Amino acid sequence: MSIASILSEVFGYQAFRGPQQAIIEHVTGGGDALVLMPTGGGKSLCYQIPAIARQAAGNGITVVISPLIALMHDQVGALHEAGVKAEFLNSTLSFEQASQVERRLMQGDITLLYAAPERVTTPRFLAQLDSLQERGLLSLFAIDEAHCVSQWGHDFRPEYRALTVLHERYPTVPRIALTATADALTRADIIERLQLQDARLFISSFDRPNIRYTIVEKREATQQLLRFIQDEHMGDAGVVYCQSRKKVEDTAELLCDHGIAALPYHAGLAPQVRQANQDRFLRSEGIVMVATIAFGMGIDKPDVRFVAHLDMPKNIEGYYQETGRAGRDGLPADAWMCYGLQDVVNQRRMIDESPAEEEFKQGLRGKLDALLGLAEATDCRRVRLLRYFDEASTDCGNCDNCLHAPEVWDATDAARKLLSTVYRVQQMSGFGFGAGHIVDILRGKVTEKVTQRRHDTLSTFGIGADLSETQWRAVLRQLLAIGAVAVDAQAFNTLALTEVSRAVLKGEVPIRLRTSAPKAATRKSRRTSQVATPKVAAVLDGAEQQRYAALKAWRAEVAKEHNLPAYVIFHDATLVAIAQSAPRSRLALQGISGLGVRKLEAYGDAVLEVIEASCTP
Ligand code: ADP
Ligand code: ZN
């Protein structure tokens with residue numbers, strides 16, 4: 001079977017996307033590959049089609065290594081729906097079930113076998129692979145989420161390190177490693193760790209043009225989040241990332257109190273609660289998952305309309321991976337982050353206090369700085385994001401800064417005043433002070449501490465009365481972001497000068513700050529802009545709406561029967577296309593995107609019946 005006919009007959013798609021064809025041809029031909037493609041880019045087909053083609057040519061089984069045990073059931077279910085022989089081996093199977101899969105494995109009667117790295121590297125499993133290999137039935141290794149092998153990535157899994165055994169033990173079996181995000185450092189690490197030096201490297205554009213990036217200044221974070229959801233995303237599925245478990249719980253509760261269907265997800269919940277919440281998020285519509293970063297890898301729900309960050313992540317890779325979970329269906333989606341002084345302090349402190357080697361910490365600091373640069377940016381966010389992944393681009397017109405050029409003020413002088421105050425109190429008292437006290441001095445506030453320390457006698461006392469406390473905190477945040485001031489966690493979070501401070505004090509580093517956050521009203525523009533509305537159904541007329549609703553109700557039943565998320569049966573986009581064309585025959589159904597041969601056979605008649613019923617008054 002040619003790869004083009006697999007694409008159309010098995011998956012029901014008319015054309016390859018981006019570099020898919022080149023990758024699939026290379027891997028089907030037995031080449032090694034490292035694939036870097038953004039979330040939603042279509043990585044799965046890059047190994048699924050070669051697996052099917054190579055199995056058909058008599059090469060045997062493809063082993064897919066994936067860390068996502070909780071999702072294997074749905075991934076394999078989706079392949080079953082397309083008529084592909086796929087199975088998984090993991091701890092959720094009973095002994096009986098596992099034995100049956102193993103029996104079929106040994107007979108070569110499986111096209112794709114999904115397993116976690118810790119299982120793949122057991123002596124027992126390797127012995128089974130040996131046997132397949134001896135009989136020429138070991139076709140391909142697909143290593144998904146390959147960034148897990150790198151400590152520079154954001155999901156380091158030590159088990160991934162052991163995967164070098166695959167190359168060493170089966171040097172003739174081709175390998176394809178895939179990841180959604182890897183900057184230059186992580187990429188080099190993946191290649192070295194997995195010994196992919198000779199593999200062909202496929203890098204896609206990392207742009208996700210349908211995602212709108214917005215970063216707002218943090219005031220009352222949860223209230224800001226609530227307003228964001230109420231204004232733009234009521235009834236939509238979304239993910240809200242928070243740093244701590246407690247904040248996850250509190251935020252989920254607050255959203256629920258305001259009529260938003262929110263669920264919590266974090267590592268402190270019992271496994272069955274986590275799995276139940278994840279299933280509800282995948283299987284119901286319009287759920288908002290409030291989660292720590294424990295949630296999200298491998299979540300392929302296509303209609304997540306927003307990803308919000310209440311706390312700043314550690315680096316751009318993490319941020320981009322998390323926000324990339326929005327809008328996989330290509331329709332407009334939002335990436336919204338709320339960011340403030342405390343985020344900078346916390347992230348810096350976590351690095352400082354970690355027990356790692358200094359060199360490693362330096363690497364982490366560099367990555368954090370890049371993210372801080374993005375958060376403080378007054379120019380196009382997307383240009384900065386893409387540049388981080390070595391991709392050049394021009395102003396995107398779909399981020400907060402492009403849509404509403406921020407007003408900026410020159411804070412260079414203010415920054416100098418702040419730093420010289422930090423310097424002077426240190427000189428006078430022999431030790432440093434925290435942010436609150438420094439700002440009090442600048443604003444000329446006579447507090448008990450000020451009087452007691454005689455800081456009202458400093459020459460900088462009151463020289464910053466013209467700025468508000470919020471403005472001072474913004475100046476400080478910027479200084480922290482560029483490393484011109486440090487917070488000493490060992491000494492009660494006092495502020496201290498750094499090597500960069502001198503240049504700022506001399507006025508050599510211009511400091512520019514946003515005057516105010518963009519007005520809430522201007523964010524409404526999407527409703528009237530020409531960008532397609534996020535709700536797919538909104539493009540349909542009355543009769544089409546009716547058919548669409550009927551199809552969705554039918555799909556929900558099928559999904560429930562098969563214990564799979566609805567989008568695994570048919571994507572919304574496929575249902576929309578059916579609702580629009582109102583097919584009355586099998587022939588008319590053919591060619592609709594997402595309808596492969598197997599699905600046409602399994603569901604064609606039922607779909608035609610639904611259309612028939614909803615067309616007759
Ligand atoms: P990734 O793993 O890269 O995040 P997926 O493999 O889950 O992305 O693909 C994202 C979505 O795009 C899926 O719903 C998939 O079915 C769809 N898709 C992939 N390739 C194509 C294609 N060539 N044509 C149409 N849809 C595609
Ligand atoms: Zn932009």
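In what order do the 6 strands of the open sheet stand? In this predicted model, where local features need pLDDT of at least 70, side-chain atom pairs count only at pLDDT 80 or more and totals for chains, interfaces and linings use all residues, the order is 8-13-12-9-11-10, with parallel pairing. Residues are numbered from 1 along each chain as its sequence is written, chains are lettered from A and ligands numbered from 1 in the order in which they are written, and side-chain values use heavy atoms, with hydrogens and water left out.

Strands (E, at least two residues) and helices (H or I, at least four residues) are DSSP runs numbered from the N terminus, and two strands pair if DSSP finds at least two bridges between them. Strand 8 (211-217) and strand 10 (262-265) stand at the edges with a single partner strand each, so one side of each is left without a neighbour in the sheet. From one strand to the next, the twist averages 15°. Helix 11 (residues 245-257) packs on the sheet, where it touches strand 10 and strand 11 (288-291). The direction of helix 11 makes about 170° with that of strand 10; axes here are lines fitted to C-alpha atoms, for helices over the stretch in contact, and angles run from 0 to 180 degrees between N-to-C directions.

The loop between helix 10 (221-232) and strand 9 holds His233, which is buried, with a relative accessible area of 2%. Its side chain makes a polar contact of 2.8 Å with the side chain of Asp236. A polar contact is a pair of N or O atoms within 3.5 Å; within protein, one must be able to donate a hydrogen and the other to accept it, and residues adjacent in sequence count only if both atoms are side-chain atoms. Leaving aside neighbours within four places in sequence, His233 is in contact (heavy atoms within 4.5 Å) with Phe228, Arg305, Phe306 and Asp334.

Attention now turns to the ligand. Ligand 1 has 15 residues around it, and Tyr13, Gly40, Ser44, Arg328 and His571 come nearest, a residue being near if one of its heavy atoms lies within 4 Å. An N or O atom in the side chain of Tyr13 is 2.6 Å from an oxygen atom of ligand 1. A nitrogen atom of ligand 1 lies 2.8 Å from a backbone N or O atom of Ala15, and a polar backbone atom of Gly41 is 3.4 Å from an oxygen atom of the ligand. Arg17, in the loop between helix 1 (3-10) and helix 2 (20-28), is partly exposed at 49% relative accessible area. The side chain of Arg17 reaches the backbone oxygen of Gly40 at 3.2 Å.

Finally, the largest nonpolar core has 150 residues, and Ile176 and Leu479 have the most contacts inside it. Such a core is a set of buried Ala, Val, Leu, Ile, Met, Phe, Trp, Tyr and Cys residues joined through side-chain atoms within 4.5 Å. Beyond neighbours within four places in sequence, Leu479 is in contact with residues including Ala415, Leu418, Val504 and Ile511. A second, separate core of 23 residues includes Leu551, Trp554, Ala566 and Leu575.

Key
Buried means under 20% relative accessible area, exposed over 50%, partly exposed in between (1.4 Å probe, protein chains only).
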